[in-house]
Amino acid sequence: MKNIYILGAAGSIGLQTLDLVRKHKKELNLVGISLGNNHALNEEILSTHKVSIVCLRSQEYMEKYQIEYPNTTFVHGDEGLLDLVRYPIKGAVVNALSGSAGLIPTIEAIKSRKDILLANKETLVMAGDIIKKLLNNYNVKLYPIDSEHSAIWQCLQNEVSDTVDKIVITASGGSFRDLSRNDLKHVRLEDALNHPNWSMGDKITIDSATMMNKGLEVIEAHYLFDLPYEKIETVLHKESAVHGLVYFQDGSIKACISSSDMRIPIQYALFYPHRMPYESKFVLTDLTFKQMDFKRYPLLSLAYKVGETGGLLPTVMNAANEAAVKLFLNQHISFLDIEKIVFDTVDSFNNNLYPTLEEIIQTDDIIQQSIFKHYGKR
Ligand code: MG
């Protein structure tokens, strides 16, 4: 029996993890979850899963739930997330939080000696060096859930790391992949949210359309697999069937293929190194690969430069993007404004190459607040 905590249980990755918890009742024991603001969904999750500790987003329903579920501990807010990951029952933490809010809970989970199954990219983008040191100091494992990184991780099993020539992360191209840059001027929010292959949360769906998501994934891969940026390639692959490839120095290439169903990488991380049965309807059809178009997707090109530079710059890029995507989702700015905000913010920032964790957290907040202030909205 493996004990599991899920941060962001009501999000897309969280709900799919809950599916697997239900499916593997004998193998997985759900200890704690954090929930979001969707009250109806929270009710449904709480009535289906018996858990020891629940973190609510706000205080609003604390009393009501505490009466309904007297054997469960309820906590709330950012502080509550820390109570959750510090809960004194050993286990692995699935971090499926969206955005920079995922960083501190990862750090506290590591300090509580809980292994991390990571879907929150921001953790490594903002503080990759700090996280790696902590993993080492506390002897804690971190496994990827992101489909591309899971694919590469699987390809690297039983391989010697210095025989790797390069890795390749595939990109579907997102919801506007058939549009030119000129066409992007007047695209609508509802079209941006309509991803051709994957069903995901709003933030990541927009990040896919701008290719910022791939940029964050490149930085994530740099830390996960200890590879320099020149050994991390991206390629356009609209079928989202091959999720990642590894080129070896003997000329062999390994690829990991599956249907675009996040339950597959989640399950792999949950049971690693065992492969549990899972019914998947994948049919091998024609697969296409196209060279990445950095002119069409300038944010990806920026992410390589920002990752290479390091320091506070990845945090700044991520914070600017997070704020801009929020403004776009609330229909205050246009789609192309997202890029403009990210470029302007990165260009005008005075980098610090060796930031502390406190400086990282503070910078994330300052950048996001200044963008919201500039637009008078959030
Ligand atoms: Mg991905």
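These questions and answers concern a predicted model and the grounds for the terms applied to its parts. Residues are numbered from 1 along each chain as its sequence is written, and side-chain values use heavy atoms, without hydrogens and water. In this predicted model, local features need pLDDT of at least 70 and side-chain atom pairs count only at pLDDT 80 or more, while totals for chains, interfaces and linings use all residues.

Q: What makes residues 2–144, 147–300 and 310–378 separate domains?
A: The bounds come from an automatic or database domain assignment. That assignment gives domain 1 (2–144), domain 2 (147–300) and domain 3 (310–378).

Q: How do you know that domain 2 and domain 3 are in contact?
A: Contact means heavy atoms within 4.5 Å. By that rule, 19 residues of domain 2 are in contact with 15 residues of domain 3. The centres of domain 2 and domain 3, taken over C-alpha atoms, are 24 Å apart.

Q: What is the area buried between domain 2 and domain 3, and what does the term cover?
A: Buried area is the accessible area (1.4 Å probe) that two parts lose on being put together, summed over both. For domain 2 and domain 3 the value is about 1600 Å², with 78% from carbon and sulfur atoms. On the domain 2 side, L189, K203 and L299 supply 32% of the area buried against domain 3, more than any other three residues.

Q: Why is the pair E339 and R181 called a salt bridge?
A: The term requires a side-chain nitrogen of Lys or Arg within 4 Å of a carboxyl oxygen of Asp or Glu. The closest N and O atoms of E339 and R181 are 2.6 Å apart, so the pair qualifies under that definition. Between domain 2 and domain 3 the count is 1 salt bridge.

Q: Which helix gives the most to the side of domain 2 that touches domain 3?
A: Helices are DSSP runs (H or I, at least four residues) and strands likewise (E, at least two), numbered from the N terminus. Helix α9 gives the most, with 6 residues.

Q: How do you know that E43 and K64 form a salt bridge, and what does the pair tie together?
A: Their side chains meet at 3.1 Å, N to O, which is within the cut-off of 4 Å. E43 lies in helix α2 (residues 39–48) and K64 in helix α3 (residues 62–68), so the pair ties together parts 21 residues apart in sequence. The same rule gives a count of 19 salt bridges.

Q: What makes D146, E148 and E217 donors of the magnesium ion?
A: Donors are N, O and S atoms within 2.8 Å of the metal (3.2 Å for Na, K and Ca); water is not among the atoms, so sites may look incomplete. D146 (OD), E148 (OE) and E217 (OE) coordinate the ion at 2.1 to 2.2 Å. Their spacing in sequence is D-x1-E-x68-E. D146 is in the loop between β7 (142–144) and α7 (147–155), and E217 is in helix α10, 71 residues apart.
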